[in-house]
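Work through the exercises below with the structure at hand. Each task is followed by its solution.

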Amino acid sequence: MSEDWMLWGLFILLGLVTTLPRASFIVLGERAALPETLHRALRYAPAAALAAIVAPDIFVSGGELTVFSPRLAAAVAAVLAALLSRNPWLPFIAGMGVLWGIGQLIPT
Amino acid sequence: MSPSFRDGMQEGFHSFLPLSVGLIPWALVTGLTMAGVGFTPLQAMGMNVIVFAGTAQLGTLPLIAAGTPVWLIVITAFVLNLRFIIFSAAIARGFRGVPLGARWLSGHLLTDGAFAACLEKMLSHPDPHWRLGYYLGPSLWSWLLWQVFAFCGVMAASSIPRGWSLEFMATIALIVLLVPMARVRPMLVAALAGGGLAVALRGMPLRLGVIVAIVGGIAAGFAAERWCGRDRP
């Protein structure tokens with residue numbers, strides 16, 4: 001993605017796949033309705049997609065499955081912070097703190 | 001601008017103002033992450049204005065950094081945005097009597113926060129001018145906060161050393177979004193299946209494993225809902 005024009009093209013495509021779902025029923029109004037089964041299935045899309053993006057970032061490094069890594073420790077710290085506190089900054093402070101802390105202890 | 005539009009806008013803005021503070025860390029993190037994957041300030045703010053969606057931006061940045069094919073990045077963003085179809089359908093009745101141009105603007109500005117804050121009044125207030133004002137007040141305010149604080153994040157990133165793996169902030173941000181969802185059993189099943197499949201299928205060509213994992217996760221969540229019927233989100 002080094003080419004600048006490709007990046008701008010990508011932004012426009014991403015803008016389209018964001019605005020079209022958002023505007024869909026607001027623009028269509030009373031003329032359309034979502035089938036009940038589809039409505040229920042769609043609720044699981046964000047959780048499935050977020051996990052599918054996050055999990056390889058945490059458990060895979062260099063194409064290999066790594067069960068223990070600084071990234072996993074940082075992710076665990078972020079999950080605990082998100083579960084135990086309502087402070088919106090804490091998961092970032094905890095996660096990045098653990099990642100940097102381990103980086104200092106074990107120079108790579 | 002009719003007086004009832006202005007009244008609605010004021011009331012919407014006042015009720016949303018305290019909630020809107022929660023947007024600030026997200027905008028900062030998104031700005032930091034966009035700079036972290038190597039965007040110039042112009043590219044970062046271009047993405048921020050054109051896409052205007054924290055989850056879709058943070059979710060696609062790791063894929064962009066990894067050199068994933070464009071069509072796969074676009075499909076992933078679309079899946080992350082599928083929840084907006086549900087929001088759009090739920091709030092649509094609040095826009096009856098509103099002109100088409102204002103509906104497109106309102107659609108573009110639909111965010112999780114504006115939806116949650118405005119839904120009830122949008123469905124109950126009788127005056128369309130008041131309703132549009134009540135919706136646009138918080139939505140335009142969110143847009144402004146999002147742009148200003150993302151810009152602060154982009155600018156702050158240049159004073160942070162390169163070796164600090166700022167791009168991992170995107171992963172943390174996605175975890176923070178995932179944690180409250182996973183409190184509901186079928187949603188947790190969807191996340192575990194999606195995450196597990198994505199790791200297991202990482203060898204698939206063109207990173208197709210991500211898409212298969214998402215579809216598998218949705219199916220697993222839906223199946224889990226059928227099995228343990230009472231525990232519905």
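**Exercise 1: the interface**

Find how many residue pairs are in polar contact across the interface of chain B and chain A.

Step 1. The rule finds 16 residue pairs in polar contact across this interface, both residues being at pLDDT 80 or more. A polar contact is a pair of N or O atoms within 3.5 Å; within protein, one must be able to donate a hydrogen and the other to accept it, and residues adjacent in sequence count only if both atoms are side-chain atoms.

Step 2. On the side of chain B that touches chain A, α5(B) gives the most, with 17 residues. Helices (H or I, at least four residues) are DSSP runs numbered from the N terminus.

Step 3. The rule also finds two salt bridges across the interface (a side-chain nitrogen of Lys or Arg within 4 Å of a carboxyl oxygen of Asp or Glu). Glu225(B) and Arg43(A) form a salt bridge at 2.6 Å, N to O.

The model is predicted: local features need pLDDT of at least 70, side-chain atom pairs count only at pLDDT 80 or more, and totals for chains, interfaces and linings use all residues. Residues are numbered from 1 along each chain as its sequence is written, chains are lettered from A and ligands numbered from 1 in the order in which they are written, and side-chain values use heavy atoms, without hydrogens and water.

Methods: Helix = DSSP H or I, 4+ residues; strand = E, 2+ residues; numbered from the N terminus.
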